[in-house]
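Please work through the exercises below with the sequence and the 3D structure open beside you. Try each task yourself before you read its solution.

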Amino acid sequence: MNRLSQFLWCAVSFLCALAGPLVVPEGAQAQTSRKPNIIVIVGDDMGYADVGVHGCKDIPTPHIDSIAKKGIRFTSGYVSGPYCSPTRAGLMTGRYQNRFGHEFNPGPQPKGDVGLSLTETTLAARLRALGYVTGMVGKWHLGGDAKYVPTARGFQSYFGFLGGAHPYFPGKGAPIFRGTKAVDESEYLTDAFRREAVRFIEDHKKEPFFLYLAFNAVHTPMQASDKYLKRFANIKDEKRQKYAAMMSAMDDAIGAVLAKLREAGLEEDTLIFFISDNGGPAINGSRNTPLRGVKATTWEGGIRVPWMMQWKGRLPAGKTYDEPVIQLDILPTSISAAGGEISPNWKLDGVNLLPFLEGKKTEAPHSALFWRFGAQTAVRKGDWNLVQANGSKGKLLFNLRDDIGQTKDLSAAHPERVRELQAAWDEWNKSNVPPGWKGKGKAKAED
Ligand code: CA
């Protein structure tokens with residue numbers, strides 16, 4: 001650069017700097033059209049009854065509860081499978097996992113050519129295409145080979161483990177990865193996920209971000225830190241005490257994430273989802289009351305979960321929403337919140353919930369919801385539920401409005417209703433494919 005061009009460059013820069021603040025409308029528009037950050041928080045194997053807003057008395061969950069209190073709690077919130085990996089496949093794609101063969105868990109530590117089908121596009125990839133910074137912290141469980149790992153599926157950053165479960169104390173188990181590199185970790189795992197999630201927000205607070213925070217708490221192995229065990233010295237049942245301590249560590253971690261958002265002034269710019277990936281299993285000390293059944297079953301206790309959403313200033317606060325929703329809705333809701341268009345070519349099963357929550361649409365978001373997990377099936381249409389689950393002889397019919405605990409089979413009294421729900425399920429099932437790998441379709445504690 002010669003002296004003249006240097007001078008001109010300086011002069012132009014100076015004038016631009018002067019003019020910058022004068023361009024008010026453009027600046028103002030950029031302020032108001034900021035795309036919201038999106039945070040999806042997933043608990044693992046939580047009991048339906050084990051959050052304060054569902055009436056839990058012995059384990060305070062103030063931070064999870066705060067999402068419901070500042071947002072919307074869904075009283076009929078579902079996941080599309082009763083098991084870890086299938087549910088996550090549905091979450092990441094907005095499609096029933098049965099559409100692409102992800103009916104069962106691909107094993108506790110998936111290796112080889114097994115994982116979330118490469119024909120599918122993840123929420124992370126879709127948000128990245130809309131200009132988002134995408135990061136994941138936690139349990140993946142959608143494949144361990146290079147082509148299946150989070151950083152190959154739309155996440156720009158990743159900290160966590162790839163399998164279905166992991167010890168909580170350092171030095172044991174499969175590797176913890178940062179990106180694709182195994183790293184040493186010295187903290188209790190839930191605390192490490194907390195640290196990484198808060199750091200991700202700090203690092204990206206100036207740009208629209210998507211954070212998928214998938215805790216493995218409160219999945220087995222049941223391992224709690226002393227700090228939290230002491231908090232529950234009053235609980236005499238050892239299993240329940242450990243579960244409570246692990247829940248409380250997760251709740252505190254969620255509290256740290258929410259506090260970081262407030263500190264960064266981002267609470268009104270952030271859409272937050274919280275769900276459990278499936279119902280509580282029999283083995284971890286969780287409780288699903290008043291629901292029947294547990295994880296790995298298509299009873300309500302396997303598939304109906306704590307489900308809440310917060311977007312301060314945009315969505316109503318402290319409301320409940322009673323129409324059935326499902327975790328498949330998280331993808332289209334997020335894409336819509338981000339200002340993206342949903343193409344029919346994506347063949348989504350989930351729907352954008354925003355117009356329903358803002359009162360612009362008054363009908364139910366779904367005409368019916370469906371489940372297939374091996375020989376176990378379920379369909380919910382309105383208040384009616386037709387189910388064949390572990391332990392049931394044939395298909396049973398319940399009215400969930402009157403009988404949330406699925407205690408009174410009405411199939412003999414309402415054969416026409418049985419036919420109607422079965423026909424809806426059969427129609428849905430026509431677009432499914434056979435499972436991509438074997439699974440028992442029944443409870444197996446270790447998965
Ligand atoms: Ca799970």
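Residues are numbered from 1 along each chain as its sequence is written, and side-chain values use heavy atoms, with hydrogens and water left out.

**Exercise 1. Confidence**

Find the mean pLDDT of the protein chain, and work out how many contacts beyond near neighbours the model has for residues 12-31.

Solution. Begin with the term itself: pLDDT is the predictor's confidence in each residue, from 0 to 100. The protein chain has a mean pLDDT of 92, and 91% of its residues reach 70 or more. Where pLDDT is low, the predicted coordinates should not be read in detail.

**Exercise 2. The calcium site**

Identify which residues coordinate the calcium ion, and decide which parts of the chain D44 and D277 tie together.

Solution. First list the donors, which are N, O and S atoms within 2.8 Å of the metal (3.2 Å for Na, K and Ca); water is not among the atoms, so sites may look incomplete. The calcium ion is coordinated at 2.2 to 2.6 Å by D44 (OD), D45 (OD), C84 (SG), D277 (OD), D277 (OD) and N278 (OD1). Then place the donor residues along the sequence, where their spacing reads D-D-x38-C-x192-D-N. D44 lies in the loop between β1 (37-43) and α3 (62-69), and D277 lies in the loop between β9 (270-276) and α9 (300-303), so this pair ties together parts that are 233 residues apart in sequence. Helices (H or I, at least four residues) and strands (E, at least two) are DSSP runs, numbered from the N terminus. Finally check accessibility, where buried means under 20% relative accessible area, exposed over 50%, and partly exposed in between (1.4 Å probe, protein chains only). D44 is buried at 0% relative accessibility, D277 is buried at 0%, and C84 is buried at 0% as well.

**Exercise 3. Covered helices**

Determine how many residues of helix α4 are buried and what covers them.

Solution. Count along helix α4 (residues 84-93), in which 10 of its 10 residues are buried. The elements that cover these buried residues include β1, α5 (123-129), β4 (133-139), β8 (209-214) and α10 (330-337). Just after α4, G94 takes a positive phi of about 75 degrees. Now take α10, which is largely enclosed by the rest of the structure because 7 of its 8 residues are buried; among them are I330, L331 and P332. Just after α10, G339 has a positive phi of about 85 degrees.

**Exercise 4. Two residues and their contacts**

Solution. Continue with R372, which sits in strand β13 (residues 369-373) and is buried at 13% relative accessibility.

**Exercise 5. Backbone angles**

Compare K347 and Q406: where does K347 lie, and where does Q406 lie?

Solution. Start with K347, which has a positive phi of about 50 degrees although it is not a glycine. K347 is found in the loop between α10 and α11 (354-357) and is exposed at 58% relative accessibility. Q406 likewise is not a glycine and has a positive phi of about 50 degrees. Q406 belongs to the loop between β16 (396-399) and α12 (415-429) and is buried, with a relative accessible area of 0%.

Definitions and conventions:
Predicted model: local features only at pLDDT ≥ 70, side-chain atom pairs only at ≥ 80, totals over all residues. Contact = heavy atoms within 4.5 Å.
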